[in-house]
Structure formats: structure tokens, C-alpha cells
Amino acid sequence: MKNTNHYAILMAGGIGSRFWPISTSKYPKQFQDILGAGSTLIQTTFHRLAKLMPKENIIILTHKEYKAAVKEQLPQVKDEQIVLEPEMRNTAPSILLGALKIKKKNKDALILVAPSDHWIQGDIEFQENIEAAFKIVSEEDKLITLGIKPTFPNTGYGYIKYKDEEGEDAKPVLKFTEKPSFKKAETFLKEGNYVWNAGIFIWSANFILDSFKKHQPETYRLFEAGNDVYNTDKEQEFLDENYHKTQNVSIDYAIMEKSDSVFVILAKFKWNDLGTWKSIEDELPQDEHNNTIVNGRLLPFDATGNIIKTQNNKVVVLEGLKDFVVVENDDVLLVFPKEKIQEIKGLREKAIEKFGDDLG
């Protein structure tokens, strides 16, 4: 029997511009099958969460332009479960709004916050971690985040330093560090009590709202003023009038770095935030020439270490190409060196500037 006090806020508002040209502002990466798995990232995430709670307890926070995409990909979701942000304002405002809506429905609610565009392997292990976290936050005022044991000194992730307390599931967080230098990341791995920040959070509705009241009083007052209209047909009007007034700030900066009640549970599952095209190499098998192919058929001649994604299982013939990304959609063919993969976000902006918004 699923616990009716368990709720989820599924974050589905980002653009995923480093996965351009597949991920665009019209159809971002959460609505794409990036890994050729047979279902999109948001579908995979929703079905994982629905094993932990009644599916009607999952609310989806997304930009107003993505309502049709959510309804098309998750037809089992009712309109009242889709919360439409009038504009993109980072994670803190949307999490606060979601918590207020959930608390109004159920004052005993426990909330899981999860990104819709990450890749997780090990659903049973994920379930065990989340159930353990729900048990802790049902008994104590704690803000819990999940940490991933680092496998290499990644400079693109945030790191969490924790106090290693023997036998405790949830370990006190000592410090957050955003995207360190390579040297710093190497030191973190040697020290051993650092994990990657997965951006997955668990807390009670009451305690996260108390934390906003304490650490973000202005934002709290702004959103709390809409309490009478949340979960009614007047909610959207209130959001359209007020959402833009809120601070554009992440939950990490707004709450997690300020609170002294933050704890981390070490994840038992395999995780990838799918931040860039390079990350799919970690999740998919390579051919004998270290090429990674998604939805395509490759004929390589002295072509090694490439990432290729086509539409409709196209045949791709490559000769003499090494360590490149080759990706296409209806309008764009991208052939770009892997070593410059972080520049794809800027490329997208240049393409839009030269050829129009339709490309991004």
C-alpha cells in the first residue's frame, strides 16, 4: 500500500541547452529520449516516482509553454497536477510554490523533489534511499539531500562535504562547493567525505516552509499571499501577476547553504545528470572503435571516439573523424569536437542570432 502522505515535486522547466540541437526551448531534453531507451527522461522519472507514492501525489512544475508536452507524454496526469510557471525563475521559487500547494492538500505531507532530466539506474536502490529519507523526515526536522559517491574529479558538479557518522543513514552536511577546479576536486576525492550533489531533496512540507520563512522571508511572504487560491481555478491568475517578482535563485543557495539542519544520504543507485553530450558515453556501450551511437547505424573508416545521434536510425558514414559529436534534428546538423563540448550552449545562441529562434 503506497503512503498517501508521500508527495513529489517533479522539476521540468529547464531548457537543457548543452544538448542542443536535440534539446531546444520548444522541446527541451526532459521531453526527449536522449539515450535511445524507448521512453523520454520525464516519462522514466515519473514512472520511477509512481512506485513510491500515489501517482496523483506527483506535481509537475514546468514552464507554461510545456503544458502540451507534459500532457502528451504523461496522459495519466490531471491538469491540476501540472503547475505552469509564467517564466523561468530557478529552483527555489518553484519548490516553495509546490510545497505550499502540497501543504494545503495535506498538512502531514512529506515531499521528494526530483529533477525530470537525470538518468538513474537501480530503481530498487533508489526506492530504498527515498523510503529511508521519508522515515527520517517524518520523525525529525531535517532537510535531506542525496549524494553520489564520486568516481572521478568532475569539475562540472557541485560537491557536498559531510561529517561521517558511523551507522547513521543521514550524515550532517558541513559544506557545499559549486563546480570546483580540477585540483580542488582531486583533493575532495582523496579526503573521502565528499559526494556529488544530485539535486534530489526530501523533507516535510512543514519544515521546508519554516526554512523558507526563516531564510527567504520576502519570497515566502510573496507566495504565502496566494494560499487562498492555490489548488483552485484562480491559482494561475495569481502566478501570472506575482511570479516574476520573485528572486531568481536556486534552492541550494536560498536554503541548503544557509540551514544548519541539512543532512546527506549516500546514494546506492547509479546516477548521471546528463549535463552534456559527453555524459552519454558513460551510460551507453561503445563499438570496437569507441564510437557511441544512438538511433543510428555507423559505418566507420578510421573514425574513433565519436558520439553520433541521428533521427530514424539513419546510416552514418564517417572517415578520419576522431572525438567529435555528430548530432542532427530536422533543422540542424552539428559536427563539433568533443573537447569543446561545453561551448555548445554558446553555439546555440549564435545559431539563433544568425538564423532565427526556430533553431533553439
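Analyst: Start with the idea of a cavity: a set of grid points where a 1.4 Å probe fits but cannot get out, and its lining residues have an atom within 4 Å of a point. Keep in mind that this is a predicted model.

User: Which residues line the second largest cavity?

Analyst: The general idea comes first. Rolling a probe the size of a water molecule over the atoms shows where empty space is left. Here the second largest cavity is lined by Gly 158, Tyr 159, Phe 176, Thr 177, Glu 178, Asn 197, Asp 252 and Glu 257. Its volume is about 50 Å³. By class, that lining holds 3 charged, 3 polar and 2 nonpolar residues.

User: How many cavities of 30 Å³ or more does the structure hold?

Analyst: There are 2 of that size. The largest cavity has a volume of about 60 Å³.

User: What lines the largest cavity?

Analyst: Its lining includes Thr 45, Arg 48 and Leu 49. Ala 114, Pro 115, His 118, Ile 120, Phe 126 and Ile 200 also belong to it. Of these lining residues, 6 are nonpolar, 2 polar and 1 charged.

User: Which element gives the most to that lining of the largest cavity?

Analyst: Helix 1 does, with 3 residues. Helix 1 (41–49) and strand 4 each supply at least two.

User: How confident is the prediction in the chain?

Analyst: The average pLDDT of the chain is 94, and 100% of the residues score at least 70. Among the elements, strand 4 (residues 110–115) has the highest mean, 98. Helix 10 (residues 280–283) has the lowest, 90.

User: At what angle do helix 3 and helix 6 cross?

Analyst: Helix 3 (residues 91–105) and helix 6 (residues 205–215) have axes that come within 10 Å and cross at roughly 135°. Helix 3 is therefore oblique to helix 6. The crossing of helix 3 and helix 6 is left-handed.

User: What should I look for in the backbone?

Analyst: Look for exceptions. Most residues other than glycine have a negative phi, and most peptide bonds are trans.

User: Where is there a cis peptide bond?

Analyst: Between Trp 20 and Pro 21, with omega about 10°. Pro 21 sits in the loop between strand 1 (6–11) and helix 1.

User: Which residue other than glycine has a positive phi?

Analyst: Leu 274 has one, with phi near 45°. Leu 274 lies in the loop between strand 11 (270–272) and helix 10.

Definitions and conventions. Residues numbered from 1 in each chain as written. Predicted model: local features only at pLDDT ≥ 70, side-chain atom pairs only at ≥ 80, totals over all residues. Heavy atoms only, no water. pLDDT = per-residue confidence, 0-100. Helix = DSSP H or I, 4+ residues; strand = E, 2+ residues; numbered from the N terminus. 1 Å grid on protein atoms, 1.4 Å probe; cavity = no way out; pocket = protein on both sides within 12 Å on 5 of 7 lines; lining within 4 Å. Points joined across faces, edges and corners; volume = space filled by probe spheres on them. Nonpolar A, V, L, I, M, F, W, Y, C, P; charged D, E, K, R; others polar. Axes fitted to C-alpha atoms, helices over the stretch in contact; angles between N-to-C directions. Parallel < 35°, antiparallel > 145°, perpendicular 65-115°, else oblique. Left-handed = near helix turned anticlockwise from the far one by under 90°.
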